[in-house]
Amino acid sequence: KETLDKGLEKSKTTFFTKLNKAVAGKSKVDEDVLDNLEEILVSSDVGVNTTLKIIGRIEERVSKDKYLGTSELNQILREEIAGLLSEVDSGNATEFTVPKDKKPYVIMVVGVNGVGKTTTIGKLASQFKKQGLNVVLGAADTFRAAAIDQLQIWADRVDVPMVRQNFGSDPASVAFDSLKSGVTQNADVVIIDTAGRLHNKVNLMNELTKIKRVMQKVLPDAPHDVLLVLDGSTGQNAFEQAKHFTAATEVTSLAVTKLDGTAKGGVVIGISDQFKIPVRYIGVGEGIDDLQVFNKFEFVDSFFK
Ligand code: GDP
């Protein structure tokens, strides 16, 4: 909770400084206030579509209650944002529980380089291990030697086995080996790192499709989860990446990292709404415990406190 509060601090301060300015001297929510609010939401990287949706809903409430006070604006915003996030994920989880009937549970992690993919995998492995689960990592980002080594550092640090091949080898083959190893070791979770090369969309799609197809030779319903990692501090780039990855493969959950370093935490709301994919994790720091299961109620609580 404290990490979350601290992680959102920059976004909060920026947002409320602007909002307070927008409502200064006004007792009622009027056109002016709404125009300003629209600008503030867009500049917080909520995204234009989602911003218009939120503004539209507030306008509706204003037209019903002509004397809606600016002091109520916080409460209304909070309700509307929680409502939007609930449309994508109705749950209220504060922990992610690996389904027991899928063993090993296979998570394929996708995202471009630099967004925090390796760190997220390391943090996840650590959390699963703390839950008493056996974890195997698969280093299927074979295009960069450093990617394999970096993941190895996390595997050693968390003390979980990692399946690797040489730099330049076939990613699908590493994924295949990783699942085999997971089955043999009776693992609960296998987490597969993949290369995040966006230079060519057709290649990306082919690569991810091949990895999936080869994994399914070991486990027909793998992967159970395709987790897209996005850097929350990159705003519109994160939207673009989400667009490309969702076009290339079926993304089932999101991790939005580096929220601690940005004033634009609104990206969490916009991306989830626009792509209709639940945010499962948020990264609010570099430490091993700074990856949190995303809970929309805690998020809005922390933000509108
Ligand atoms: P990859 O290339 O996608 O695998 O990215 P890395 O996992 O190597 O992360 C890139 C950098 O971002 C590293 O310096 C991480 O420590 C840092 N990082 C990752 N997640 C977070 C986060 O939630 N907050 C902050 N402040 N830094 C992060």
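**Close-up views: annotated segment, ligand site, pockets and cavity**

**View 1. The annotated segment, residues 278–291.** UniProt, in an unreviewed entry, places the feature "domain: SRP54-type proteins GTP-binding" at residues 278–291. UniProt positions follow the numbering used here, feature names are shortened, and annotations may be inferred rather than shown by experiment. The model is predicted: local features need pLDDT of at least 70, side-chain atom pairs count only at pLDDT 80 or more, and totals for chains, interfaces and linings use all residues. Residues are numbered from 1 along each chain as its sequence is written, and side-chain values use heavy atoms, with hydrogens and water left out. Over residues 278–291 the chain is 43% strand and 0% helix. The end C-alpha atoms lie 16 Å apart. Helices (H or I, at least four residues) and strands (E, at least two) are DSSP runs, numbered from the N terminus.

View 2. The ligand is surrounded by 15 residues (a heavy atom within 4 Å). The closest are Gly114, Thr118, Thr119, Asp260 and Glu286. Polar contacts are pairs of N or O atoms within 3.5 Å. A side-chain N or O atom of Glu286 is 2.5 Å from a ligand oxygen. A backbone N or O atom of Val115 lies 3.2 Å from a ligand oxygen. For a polar backbone atom of Gly283, the distance to a ligand oxygen is 3.3 Å. On its own the ligand has 580 Å² of accessible area (Shrake-Rupley, 1.4 Å probe), and the protein covers 77% of this.

**View 3. The largest pocket.** This pocket holds about 340 Å³ of space. A pocket is an open set of points on a 1 Å grid over the protein atoms alone, where a 1.4 Å probe fits, with protein on both sides within 12 Å along at least five of seven lines; lining residues have an atom within 4 Å of a point. Of its 21 lining residues, Val115, Gly116, Lys117, Thr119 and Lys258 are closest to the centre. Helix H6 (residues 117–130) gives the most to the lining, five residues.

**View 4. The second largest pocket.** About 270 Å³ of space lies here. Its lining has 17 residues; closest to the centre are Asp89, Pro278, Val279, Arg280 and Phe294. Helix H5 (73–88) and strand E7 (279–283) each give two or more residues to this lining.

**View 5. The largest cavity.** A cavity is a set of grid points where the probe fits but cannot get out. The largest has about 100 Å³ of space. Helix H12 (residues 296–304) gives the largest share of the lining, three residues. Phe15, Leu41 and Ile81 are among the lining residues.

Definitions and conventions: Points joined across faces, edges and corners; volume = space filled by probe spheres on them. Polar contact = N/O pair within 3.5 Å; in protein donor to acceptor, adjacent residues only side chain to side chain.
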